[in-house]
Amino acid sequence: MEIMQFEKARQDALNADDPFKALDAFNQQAGDYGLNCDTFGDLLFGTSEKRLAACNTRDRAIREMVLRAIEKGSAPALVFLFEPHKKSPEVYPESLGSDEAKKLAEKLVEMAEKSPADSNKDTALLMRAEAVLQSGYYVHQNSLRAADLYVRAWLAGDKYAAYKLAEVYRFLKDYRRANS
């Protein structure tokens with residue numbers, strides 16, 4: 001019964017317009033199947049094969065939802081993908097291969113440059129695309145395009161964007177702008 005509930009929740013999330021935005025609903029509907037797998041008891045005594053299989057199934061399902069959302073053009077899923085810090089599920093651009101990571105990074109930047117950036121909800125997209133542009137990972141490093149995205153994020157209400165913009169200007173050795 002538990003696996004059937006999990007599978008129905010999985011299919012519902014995968015069929016959603018944006019599977020990434022459906023992750024919360026999936027986690028509520030999927031029940032406890034494959035949940036809470038990294039407990040202290042597991043560390044001390046190990047995890048049973050059945051429980052480990054359930055945990056791996058849930059991890060693969062969530063990863064599949066993130067990737068399906070990216071295929072469908074979900075901006076929040078792309079932002080999540082390029083978030084470099086520890087996260088769950090552990091889906092990082094490098095795990096998709098170099099060519100796919102480059103293609104998705106270009107898509108992220110393109111979406112950011114086309115976004116209206118008229119509200120705080122758009123700033124995550126702008127900030128993540130800027131970080132990709134400024135770092136030069138996956139796309140050609142371009143500080144001027146990165147600065148433009150930071151300005152737009154700042155104008156949309158992200159206060160941290162001003163700090164990041166100053167960093168870009170320092171990188172460009174434009175100290176007059178960096179210190180304004």
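Residues 24 or more positions apart account for 57% of the contacts in the protein with a separation of 6 or more, where contact means heavy atoms within 4.5 Å. The model is predicted: local features need pLDDT of at least 70, side-chain atom pairs count only at pLDDT 80 or more, and totals for chains, interfaces and linings use all residues. Numbering runs from 1 along each chain as its sequence is written, and side-chain values use heavy atoms, with hydrogens and water left out.

The protein has ten helices and zero strands. Both are DSSP runs numbered from the N terminus (helices are H or I, at least four residues; strands are E, at least two). Along the sequence the pattern is α-α-α-α-α-α-α-α-α-α. The C-alpha atoms fill a box of roughly 65 × 40 × 30 Å along the principal axes. Of the 180 residues, 41% count as buried. Buried means under 20% relative accessible area, exposed over 50%, and partly exposed in between (1.4 Å probe, protein chains only). The accessible surface comes to about 10800 Å², and carbon and sulfur atoms hold 54% of that surface. Accessible areas come from the Shrake-Rupley method with a 1.4 Å probe; for residues, only the protein chains shown count as cover.

Helix 7 (residues 123–135) packs with helix 8 (residues 143–155) at an angle of about 160°, and their axes are 8 Å apart. Axes are lines fitted to C-alpha atoms, for helices over the stretch in contact, and angles run from 0 to 180 degrees between N-to-C directions. Helix 7 and helix 8 are therefore roughly antiparallel (angles over 145 degrees). Their crossing is left-handed, meaning that the near helix is turned anticlockwise from the far one by less than a right angle. Helix 7 contributes Thr-123, Leu-126, Met-127, Ala-129, Glu-130, Ala-131, Leu-133 and Gln-134. These meet Ser-143, Arg-145, Ala-146, Leu-149, Tyr-150, Arg-152 and Ala-153 in helix 8. By class, this contact has nine nonpolar, three polar and three charged residues.

Backbone geometry was also examined. Most residues other than glycine have a negative phi, and most peptide bonds are trans. Tyr-138 is not a glycine, yet has a positive phi of about 75°. Tyr-138 sits in the loop between helix 7 and helix 8, and is partly exposed at 27% relative accessibility. Lys-173, also not a glycine, has a positive phi of about 60°. Lys-173 lies in the loop between helix 9 (160–171) and helix 10 (175–178), and is exposed, with a relative accessible area of 60%. The peptide bond from Ser-88 to Pro-89 is cis, with omega near 0°. Pro-89 is in the loop between helix 5 (75–81) and helix 6 (98–114).

Note on methods
Angles under 35 degrees count as roughly parallel, over 145 as roughly antiparallel, 65 to 115 as roughly perpendicular and the rest as oblique. Ala, Val, Leu, Ile, Met, Phe, Trp, Tyr, Cys and Pro count as nonpolar, Asp, Glu, Lys and Arg as charged, and the others, Gly among them, as polar.
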